[in-house]
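Reader: Please show me the structure, so that the terms used to describe it may be discussed one by one.
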Amino acid sequence: MQKMKFAIAAGLHVCLFLVCFAKHQHTNIVIVGGIGDLAKKYLWHSALQLYAKSYNENNTISFYAGARVIEDEGNVVLNKILDRILCDTDDKHCHKLRPKFIRNSHYVMLKKGYHYETLCKKLSSEYENGLTSVRQIFYFSIPSSAYQSVAEFVNEHCRHENVTSTEIVLEKPFGLDKSSAKLQVDTINSYFSGSEVKRVDHYLAKSVTKQILKFRFSNRDRLERLLNNKFVDRVEIVMKERIGVKGRIDFYDQTGVVRDVMQNHLSELLALVAMEMPNNVSSSSHIEKNKLQFLKQIRPVSSNAILTGQYSKYLEEAGEEIENTSLSYLTPTFAASLLQVENPRWQGVPFVLMSGKHMDERSSYVRILFREHEFCVTGCEGSNSTFNKYPRQLVFQIGHGSVPSAGILVSRSLLSPVWPEGVRELPITSKDSNIHGQSPGDFYYAVPVHDAPAYVTVLHDLYHGVKETFVTSERVMALWDIWDNVISRSSPTLPSVYKEYEPGNLNFTVENGHLEFIEKVKIINFDHREIASHATIPNSFRNSTLHCLSSPKLVSSLAQNMLTSAEAAVKERGVFHIAFSGGRTPIILFKELVLNFPYFPWEYSHIWQVDERCVPHINPASNFHTLHEHLIKYTRIPYYNIHPMQVDFAGKLCSPASKGDQLYEESINYLIPDQVIDFVLLGVGNDGHTASLFPHSASLKNTKDLVAYTKSKSNEQMDRMSLLLSVINNARNIAIVVIGKDKHDIVHKLSTSLLNNSLYPITYVSANKGNTSWFIDMDAWLGYTL
C-alpha cells in the first residue's frame, strides 16, 4: 500500500513537471506582399479565422504584413484592412479574440536583404529561453518573378538556431511552361527542402473538393466498379465564370485561361475523380503516390484536342489598359480541351476540361456521365426520367451553379449513396427545373457540414500540417508534362470571338480524339490590311521598329526601305554598302528588287555577304550562288563591287590555314574604314539563330574580330563563315526579316525572351547607333494563314 502511494505521488510529480516545463508553441506568419490584393481579399480574413480557432495559451500566433513601402504608409494600409476584417455575427469566440488578433498583427518593411535580417533577428530573440518552439511561415503573396530573391533572403537571414522550423508558401503560377517551372522548382529547392515548401492550389481547399476521395471511399464497393470505360461515357470538368478580366489584361495576356485554371485547378480535379483509390485516404503519401501515377498516364494534350475563344470586348479592354496589345488578340478567355488517359481503366473515355470568362452562368463542377445499359420497352413515357439521355450521373458541384449550395449530386437511378462523415443530405430545392439535364427530384443531394472559404482552409491546413491541400514539386512537373506541348507551342489559330454571356457559338463536338466547334464560324473578320492597321499590331517589337504586313506588301516595304537607304548613302557618301544573309527568305526580296525597282543605284553599291556555307560557290547550297542567280546577274552592279566570302581555296573548304576569314575582314577594313555597313539584311531561324551565329555559340562574345568561321552544330567542325556582332551591330540600318507561319513559334518566344539570351542569338542584334527594324509578315505574326 505504501509503495502504491509512492508510485502515485511520483506519477503526479512527473505530470506536474511536464506541464510546467512543456514547450510552448509560437508561430510567426509573415505575409510577404501583405497589403496587396490577395491579402486584402482573402488572407487577412483567413488569418483571423485561424487565430480564432487555433490560438490558445500554449499555441500562440503573430502575423506580419511585409511590403516594400515605408512603415508609416504600410501601417495605415494594414490598419484599414484589419478594420474591415470582421467575425461572423454568431461567432462569439472570434469576437472575443479579434482585438488580440489585431494587436498581434504588425506591418514591417521588407524590400532589401537587411530588412529580412532585422525582422528575423527580432522574431528569434523574443523566445531565447529555450522553452518555446518557434515556427515561422513566410507566405509569398507576390508575383512569381520575385520568388527567387525573397526565398534567398529568407534562407540567408531567417534560419536562426532559436527557430524550430522555417516554411515558405507559394501561390501559382508555378512557371509559365515546363522549362520555367523546372527552373522555379530547382531554384526554390536550392534554398528549401521539399517539406519546407507549400504550393497553394486553392481549388484543393474547396469544401466539396475535400470530399471527393472520401465519397469515393465511402461508396467504393458499388462505385469503383462503375468508374471505368465499360460504364462511363465521359467526364466533364468545368469552370464557368460570369466575370471577365478587365483590370487584369496584362496578366491574362501572359497567362490565358489554359495556364490560369486548366493546367492546375481542373487537372487536379481530374486526378481526384479518376486516380486509383489509395488504400488509406487519410494518408497524404498514399494519395500523392496515386496522383502522380495517374497524371503520368495522361497523354500530352495535342493541338487538335483544344479549342479557344475570346469574348468580344477583350481587345477593347486591352486597348484601354496597356500600350502593347500585340499578344492580346491571341489571348484565350475560353478553352475546351480533350484529355485521354492511357491505362486499362480509362482507355477511350473522353475527359473534357472547359473554362471561360463572361459565360452564361457561374458554375464549377466535375460531372461523370454513365452509359445506359438498359432499354425501356413499355411504360417509358411520363416516367421519372430514368431513361432520359444521361439519366445516370455523379456530380461534384464545386461552386455555385443552379443548386442551393456546393455539394454532391447522385442520380437516384445510379445508386443510393453512403455519405461520408463530413457531409449531410438535404432535400434539393432549386429555382431551376433542370439541373445538369435532370429534374432536381432525380438526385440525392448532400452538402459539406462545414463549408469554409477556400483560403480559410488553406491557412488552417498550412498551420496544422495537412499536406494534401498543397502541390508537391513532383506534381507540378507532372502537370506540365501534360500541358507544355500545347501551351509552349504558339496557337495556330486566332480564338473564336464570342458574345459576352451568350457564348452559343462555342458549342462543340467530341469525336475520335478531336474537338470541333459545331458552328463553322469565321474566326475573325479581318483581312490583312485591317489587321495591319488594327490596334493589336504594335509599332515596335523588341524595342525596335516593327513592320507587320501581308507577305507581298512586307517585301515591297522592305525593298522601298532599302532603296531609301541606298539613295541617302549615295547622296551623302557616293557609295552604298549592303550585306545580305543567306537562306531562302531573301529570294522573294531579290525578285521584288529586280522586277519593281529598276532604278536602284546598283552601280554605286557594294554587295557583301553576311554568311556563307563551306561549299563551292557553284554549289546550289551556297548563299552566294543564290545571291548571284536571283539578283546579281540581273543588275548593273560592277563586278569589282561584289564581295563573296572566300570559303574555297584550291578545293580546301573553310580551312583555318587559308585564313579566308581574315582576308574578308581585311577587305571590309580596306573598303569600309570605319566598319559601318549601310544596310545589313538578316533572317531568323526556327531555333533563333541569325547570320551563321547559332545557339550558345562562342562567337556571340567575340568582340575583337569582324569575321569568323563558325559551326551550325556542336561537336562538328567549322562549316560556315559569318560576320560577327561587332560589325553587324555597327551598321547604319539592320533589317530582320521573318516570313512564314512556321516562324510564329520563334516570334512568340522572342517577344518574351531576355534582351541577350544565348539560346536565341538574334537577341544580341541591335544597332549601336543606327536603326534596327523588324519585318514580320502576318503569317509569322499569327501562326495562321488568313
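Reader: Are Tyr 311 and Tyr 314 buried or exposed?
Author: Tyr 311 and Tyr 314 are both buried, a term for under 20% relative accessible area, with exposed over 50% and partly exposed in between (1.4 Å probe, protein chains only). This is a predicted model, in which local features need pLDDT of at least 70, side-chain atom pairs count only at pLDDT 80 or more, and totals for chains, interfaces and linings use all residues. Residues are numbered from 1 along each chain as its sequence is written, and side-chain values use heavy atoms, without hydrogens and water.

Reader: What makes Trp 346 count as buried?
Author: Trp 346 has 1% relative accessibility, so it counts as buried. Phe 351, at 0%, counts as buried too.

Reader: Why is the pair of Trp 346 and Phe 351 called edge-to-face?
Author: Rings of Phe, Tyr and Trp (its six-membered ring) pair if their centres lie within 6.5 Å; planes under 30 degrees apart are stacked, over 60 edge-to-face and the rest tilted. The centres of Trp 346 and Phe 351 are 5.3 Å apart and the planes stand at 75 degrees, so the pair is edge-to-face.

Reader: What makes α10 oblique to α12?
Author: Helix α10 (residues 249-274) and helix α12 (residues 314-321) pack at about 125 degrees, with axes 9 Å apart. That angle makes α10 oblique to α12, because under 35 degrees is roughly parallel, over 145 roughly antiparallel, 65 to 115 roughly perpendicular and the rest oblique.

Key
Axes are lines fitted to C-alpha atoms, for helices over the stretch in contact, and angles run from 0 to 180 degrees between N-to-C directions. Helices (H or I, at least four residues) and strands (E, at least two) are DSSP runs, numbered from the N terminus.
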